[in-house]
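Thanks for coming, everyone. I'll walk you through one structure today. Please have the viewer open.

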Amino acid sequence: MATMASTTSLRSRLLVLPPPPAPPTAVSFRLRPCATTVSSSSQGRSSRLAARAAPPGGAVAPASAASKEDEQEEMGNGGDLSAADAERLCEFLRADLPHLFDDVGIDRSAYDDRVRFRDPITRHDTIDGYLFNIRLLKLLATGPYELTTRWTMVMKFMLLPWKPELVFTGLSIMGVNPQNLKFNSHVDLWDSIQNNEYFSSEGLWDVIKQLRIYKTPDIETPNYLILKRTAYYEVKSYAPFLVVEAKGDKLTGSSGFNNVTGYIFGNNASSEKIPMTTPVFTQASDDTLSDVSIQIVLPMNKDLDSLPAPNTAVTLRKVKGGIAAVKKFSGRPKEAIVLQKEKDLRSQLLNDGLKPHPGCLLARYNDPRTKSFLMEKLCR
């Protein structure tokens with residue numbers, strides 16, 4: 001299903017949902033065959049580890065990330081990383097990575113003195129440079145034996161007054177020295193860019209674009225995990241949440257809004273006032289985007305049994321959550337703009353092999369008084 005979200009300065013988001021029950025092939029992230037998989041997270045960064053032994057002479061990192069001499073030197077006598085060693089190193093990373101950015105820090109003894117680190121905008125060739133790079137919240141490089149990590153990193157850029165959120169997803173290829181089975185390289189590949197070689201102007205521009213000013217209300221919103229961020233959309237996994245819903249007229253319309261807001265403002269069987277949340281959803285469930293409902297998300301600490309009965313023609317229901325593709329945009333969500341965003345998102349998903357459901361969802365995060373350029377919207 002395609003879903004849209006929108007904010008009034010507007011930050012909006014358009015979301016498109018792949019078919020249930022599991023993320024479709026289009027959302028699989030083309031990890032290499034693995035001997036073992038584990039999951040971990042550290043301060044805004046979650047990762048899934050997939051370990052395998054590279055074939056003799058095979059390097060997974062981009063050819064430009066290391067010279068042929070480096071590759072030959074690190075390959076040593078050749079041969080594969082054993083399953084037992086891969087498992088041991090994965091277990092180590094699972095314990096060590098949560099300390100990547102905290103006061104404990106990573107275990108330096110598990111790394112060679114010479115560690116080659118590469119990402120699209122950074123490079124280092126020593127363990128000291130590698131650790132310095134971690135302190136700057138940056139990432140790393142390559143090797144003939146490897147562990148592949150899929151990760152998501154979300155952070156606030158605190159140097160700007162509006163504290164924009166920076167989101168990156170991608171793969172890290174952890175190189176292993178076959179002679180001492182210590183990590184000797186780390187290459188980061190970002191999902192959002194094509195040119196992952198150092199120095200990538202595309203990578204720098206990807207950072208700069210995320211520093212734009214916008215304003216989203218600091219109130220409760222549905223929980224989600226960002227699985228992948230491409231140049232055109234994000235793939236998110238949403239937890240279940242509750243909505244109060246009424247019949248709408250069009251994706252950018254307000255028909256039914258007074259009914260759903262009336263419910264949370266006390267027009268219910270017990271006159272209970274319910275805290276406001278974000279976003280306001282308008283959802284079209286058919287291909288023609290004509291069957292529309294308007295929804296307000298209810299607080300996460302509520303359940304259907306504890307909610308007061310409505311006095312007007314609104315419905316209380318639980319949204320199951322699931323996988324959604326999301327396109328963010330700003331400005332006021334005029335109907336023609338939203339429909340074009342939905343068309344663009346659906347086309348991008350189909351190009352990537354996804355099979356979106358019919359319909360879409362527009363999420364608006366700001367009230368109409370917000371300056372248009374500050375609004376956030378989502379189309380999904």
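Let's start at Ile208, which lies in helix α4. Helices (H or I, at least four residues) and strands (E, at least two) are DSSP runs, numbered from the N terminus. What you see is a predicted model, where local features need pLDDT of at least 70, side-chain atom pairs count only at pLDDT 80 or more, and totals for chains, interfaces and linings use all residues. Residues are numbered from 1 along each chain as its sequence is written, and side-chain values use heavy atoms, with hydrogens and water left out.

Buried means under 20% relative accessible area, exposed over 50%, and partly exposed in between, with a 1.4 Å probe and protein chains only.

Together with Tyr198, Phe199, Leu204 and Trp205, Ile208 makes a nonpolar surface patch of about 510 Å². Patches are made of residues with over 30% relative accessible area and no salt bridge; like charges are joined within 9 Å, and nonpolar side chains (Val, Leu, Ile, Met, Phe, Trp, Tyr) within 5 Å. Accessible areas come from the Shrake-Rupley method with a 1.4 Å probe, and for residues only the protein chains shown count as cover.

Tyr198 and Phe199 are joined by a cis peptide bond, with omega about -10°. Phe199 sits in the loop between β9 and α4 (201-209). Pro279 is in the loop between α5 (257-264) and β13 (280-284).

Why point these out? Most residues other than glycine have a negative phi, and most peptide bonds are trans.

On phi, look at two residues. Lys163 is not a glycine, yet has a positive phi of about 45°. Lys163 is in the loop between β7 (145-156) and β8, and is partly exposed at 35% relative accessibility. Leu181, also no glycine, has a positive phi of about 55°. Leu181 lies in the loop between β8 and β9, with a relative accessible area of 21%, so it counts as partly exposed.

**Salt bridges**

How many salt bridges does a search of the whole structure find? The search gives 11. A salt bridge is a side-chain nitrogen of Lys or Arg within 4 Å of a carboxyl oxygen of Asp or Glu.

Back to α4 for one of them. Arg229 pairs with Asp206, the closest N and O atoms being 2.7 Å apart. Arg229 is in strand β10 (residues 224-229) and Asp206 in helix α4, so the pair ties together parts 23 residues apart in sequence. Arg229 is buried at 9%, and Asp206 is buried at 3%.

Next, Glu234 and Lys328, with closest N and O atoms 3.7 Å apart. Glu234 lies in strand β11 (residues 234-238) and Lys328 in strand β16 (residues 322-330), so this bridge ties together parts 94 residues apart in sequence. Glu234 is buried at 7%, while Lys328 is partly exposed at 29%.

Then Glu245 meets Arg317 in a salt bridge, at 2.8 Å, N to O. Glu245 is in strand β12 (residues 241-247) and Arg317 in strand β15 (residues 315-319), so parts 72 residues apart in sequence are tied together. Glu245 is buried at 14%; Arg317 is partly exposed at 27%. Salt bridges that share partners also join Glu234, Lys236 and Lys328 into one network.

**Whole protein and confidence**

Zoom out. The protein has 6 helices and 18 strands. Buried residues make up 53% of its 380 residues. The search for disulfides, meaning pairs of cysteine sulfur atoms within 2.5 Å, finds 0. Cys90 is buried at 0% relative accessible area, and Cys360 is buried at 0%.

Last, confidence. pLDDT is the predictor's confidence in each residue, from 0 to 100. The mean is 76, and 73% of residues reach 70 or more. Over residues 16-78, pLDDT stays under 50, and the model has 169 contacts there beyond four places in sequence. Contact means heavy atoms within 4.5 Å. Residues 1-12 also stay under 50. Where pLDDT is low, the predicted coordinates should not be read in detail.
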